[in-house]
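Subject: Structure for you to look through

Dear colleague,

Please open it first, and then follow the notes below with the model beside you.

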Amino acid sequence: MNTYMKENILIVYYSYSGKTRRIAEEIQRQTGGRISQIYPRQPYPADFESLLKQVREENRSGKLPALLPITESAVGYDIVFAGSPNWCGTIAPPLAAWLDKSDMTGKVILPFFSHCGGEDKGMEQAVRCRCPGTDMKNSLYVLENSGERLLHIVQGWLEQNFPPERKISNG
Ligand SMILES: Cc1cc2nc3c(=O)[nH]c(=O)nc-3n(C[C@H](O)[C@H](O)[C@H](O)COP(=O)(O)O)c2cc1C
């Protein structure tokens, strides 16, 4: 069994409808790290068509949303889990905005994504290009409504990807 040096771990995520939050909470439960949600200053529209239009425009223009200054900073953490829903094949703009203002140099990055069956058309790459000089591990992709299996999905991914030297083995 392994335990984690939880003081070094930050789990940061954006979630529009709660699915990515569930994954973040499961990672938090298993690692004991600090969890922190990202909030755009102006919440996204509730209406899907308006939401889609805004997201496409943000992706096209590269103009990312302003964020509420309440999300934990990455400063002082060695290991950062970064989560987002799959939005149009890439990460949601609020995660991109948070990564853009964070210096991740020297950290271990573990990306995790929620999706409804669509492919990664640039999610991992969108995180990678914003995290130069980091040790980025394999991404976790979780199909929404994965239910009870989430515990094992997260456990297996952590076993494969969490840096072994950062685990405290207790037999
Ligand atoms: C604007 C928008 C675009 C989406 N685009 C995709 C997509 O391209 N591929 C996919 O698999 N899921 C897509 N989804 C579905 C979400 O990724 C999925 O429902 C996810 O679990 C939601 O996570 P959340 O509850 O944390 O926001 C999209 C959802 C929204 C609202």
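Cys88 sits in the loop that joins S4 to strand S5 (90-91), where helices (H or I, at least four residues) and strands (E, at least two) are DSSP runs numbered from the N terminus. Before going further, please keep in mind that this is a predicted model, in which local features need pLDDT of at least 70 and side-chain atom pairs count only at pLDDT 80 or more, while totals for chains, interfaces and linings use all residues. Residues are numbered from 1 along each chain as its sequence is written, and side-chain values use heavy atoms, with hydrogens and water left out.

Cys88 has a phi near 55°, which is a positive value in a residue other than glycine. Most residues other than glycine have a negative phi. With a relative accessibility of 42%, Cys88 counts as partly exposed; on this scale buried means under 20% relative accessible area and exposed over 50%, with partly exposed in between (1.4 Å probe, protein chains only).

Asn86 belongs to strand S4 (residues 79-87), and Asn86 is buried, its relative accessible area being 17%. A polar atom of the Asn86 side chain lies 2.7 Å from the backbone nitrogen of Gly89. If neighbours within four places in sequence are left aside, Asn86 is in contact (heavy atoms within 4.5 Å) with Ser114, His115, Gly118, Glu119 and Met123.

How many aromatic pairs does the structure hold? There are 8 of them, a pair being two rings of Phe, Tyr or Trp (its six-membered ring) whose centres lie within 6.5 Å, with planes under 30 degrees apart counted as stacked, over 60 as edge-to-face and the rest as tilted. In the pair of Phe81 and Trp157, the ring centres are 5.8 Å apart and the planes stand at 65°, so the pair is edge-to-face. This pair links distant parts of the chain, since Phe81 is in strand S4 and Trp157 is in helix H5 (residues 150-161), 76 residues apart. Both Phe81 and Trp157 are buried, and together with Tyr4 and Phe162 they form one aromatic cluster.

The buried residues of H5 include Leu150, Val154, Trp157, Leu158 and Asn161. Seen down the axis of H5, these buried residues fall within an arc of 100°, so they line one face of the helix, the arc being that of the directions from the helix axis to the C-beta atoms. On the other side of H5, His152, Glu159 and Gln160 are exposed.

Asn145 and Ser146 both lie in the loop between S8 and H5, and the strand S8 covers 140-143. Asn145 has a phi near 60°, again a positive value in a residue other than glycine.

**Helix H2**

Helix H2 (residues 48-61) has 14 residues and reaches 20 Å from its first C-alpha to its last, close to the 20 Å expected at 1.5 Å a residue. In H2, the residues Leu51, Leu52, Val55 and Glu58 are buried. They cover an arc of only 130° around the axis, which puts them on the same side of H2. The face turned away from that buried side carries the exposed residues Glu49, Lys53, Arg56 and Arg60, while the cover over the buried residues of H2 includes S4 and helix H3 (93-100). Just after H2, Gly62 takes a positive phi of about 75°.

The UniProt annotation "domain: Flavodoxin-like", from an unreviewed entry, covers residues 9-142; UniProt positions are given in the numbering used here, feature names are shortened, and annotations may be inferred rather than shown by experiment. Over residues 9-142 the chain is 31% helix and 25% strand, and the end C-alpha atoms are 21 Å apart.

With kind regards

Definitions and conventions
Polar contact = N/O pair within 3.5 Å; in protein donor to acceptor, adjacent residues only side chain to side chain. Expected span 1.5 Å × (residues − 1).
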